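Colleague: Please take a close look at one helix in this model and describe what surrounds it. After that, go on to the other parts of the structure that you can describe.

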Amino acid sequence: MKAVILLSGGLDSATVLAIARSEGYECRCLSIDYGQRHRAELSAAERVAKSLGAHEHRVVKLDLATFGGSALTDRNIAVPVEGVKNGIPVTYVPARNALFLCHALAWAEVLESSHIFIGVNALDYSGYPDCRPEFIEAYERMANLATKAGVEGRTRVKIHTPLLHLTKAGIVKLGRELGLDFGLTFSCYDPGADGRACGQCDACQLRRKGFDEAGIEDR
Ligand SMILES: [Zn+2]
């Protein structure tokens, strides 16, 4: 069975790909080049897709820097290093997951696939509204009204969110069980010119917390 996997190149989406593969899906990976300052994740996505034997990996270009409004797409907004606080942080990218899912949905329709995988997580996350289960449920309902394949009954889109209720440590443990090489993944929002993770941003902190709690070393 074909599935479209949204693959950023980070720890979570790489684990999602490993899960989909272990469930026997023929995995078509989709990465989005949206003008993110951490473009290093795109080469990580390529490495991960190759390493996990994805059937295909495509990159769609989407210029969200045109709108800005996020520390990840606007160089004038700094990536915060003071840790995860209450409220929605400036690293939130306006409507990102809605936009990503639209692209996954379009490809799934062409493939006549009913399965889309996305690595959203409602526990150890940064407070992004488009990572919540209610968003995913509503999107899935919409998706089945939005496509020709859906209306004609050839597909019945299901959005798989296998990480939704896992902690970061749980994700790390699961990734390891599935044989994921974490060294291929990349999580930092604000890497240095040398491409190394900053160690301070939300993404770096969450990643470190996950590995610490799982008792696993992050190379
Ligand atoms: Zn970082």
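Modeller: The buried residues of α2 are E41, L42, A44, A45, V48 and A49. They span an arc of only 155 degrees around the axis, so they lie on the same side of α2. Bear in mind that this is a predicted model. Among the elements that cover the buried residues of α2 are α1 (11-22), β2 and β3 (56-61).

As for its geometry, α2 runs over residues 40-51, which makes 12 residues. From the first C-alpha to the last, α2 reaches 17 Å, close to the 16 Å expected at 1.5 Å a residue. Just after α2 comes G53, with a positive phi of about 65 degrees.

Helix α1 has 12 residues and reaches 17 Å from its first C-alpha to its last, close to the 16 Å expected at 1.5 Å a residue. Of the 12 residues of α1, 10 are buried, so this helix is largely enclosed by the rest of the structure. The buried residues in α1 are L11, D12, S13, A14, T15, V16, L17, A18, I19 and A20. Their cover includes β1, β2, α2, β4 (115-117), α6 and α7. G24 follows α1, and the phi of G24 is positive, near 90 degrees.

Next, the nonpolar cores. The largest nonpolar core has 37 residues, of which Y34 and L101 touch the most other members. Two or more residues of this core come from each of β1 (2-6), β2 (26-33), α3 (96-111), α4 (133-146) and α7. The largest share, seven residues, is given by α3. Leaving aside residues up to four places away in sequence, Y34 touches E41, L62, D63, L64, A65, L72, T73, V93, R96 and F100. E41 is also one of the buried residues of α2. Apart from this core lies another, of 28 residues, among them V16, A49, I171 and F182. Of these, V16 is listed among the buried residues of α1, and A49 among those of α2.

There is also a metal site. The zinc ion is coordinated by the SG atoms of C188, C198, C201 and C204, at 2.3 to 2.4 Å. The angles among its four donor atoms are 102 to 119 degrees, and the site is tetrahedral. For reference, the ideal angle for four tetrahedral donors is 109.5 degrees. Along the chain, the donors of the zinc ion follow the spacing C-x9-C-x2-C-x2-C. C188 and C201 both lie in the loop between α6 (168-177) and α7 (202-214), so the pair ties together parts that are 13 residues apart in sequence. Both C188 and C201 are buried.

Lastly, the segment after α7 contains I216. I216 is buried, with a relative accessible area of 10%. Not counting residues up to four places away in sequence, I216 touches V172, K173, R176 and F211. To relate this segment to another position in the chain, I216 and E46 are 170 residues apart in sequence and 24 Å apart in space, C-alpha to C-alpha.

How values were computed
Residues are numbered from 1 along each chain as its sequence is written. This is a predicted model: local features need pLDDT of at least 70, side-chain atom pairs count only at pLDDT 80 or more; totals for chains, interfaces and linings use all residues. Side-chain values use heavy atoms; hydrogens and water are left out. Donors are N, O and S atoms within 2.8 Å of the metal (3.2 Å for Na, K and Ca); water is not among the atoms, so sites may look incomplete. Four donors count as tetrahedral if all angles lie between 85 and 135 degrees; four count as square planar and six as octahedral if opposite donors are over 155 degrees apart and all others between 65 and 115; anything else is irregular. Helices (H or I, at least four residues) and strands (E, at least two) are DSSP runs, numbered from the N terminus. Buried means under 20% relative accessible area, exposed over 50%, partly exposed in between (1.4 Å probe, protein chains only). A nonpolar core is a set of buried Ala, Val, Leu, Ile, Met, Phe, Trp, Tyr and Cys residues joined through side-chain atoms within 4.5 Å. Contact means heavy atoms within 4.5 Å. The expected span of a helix is 1.5 Å times one less than its number of residues. The arc is that of the directions from the helix axis to the C-beta atoms.
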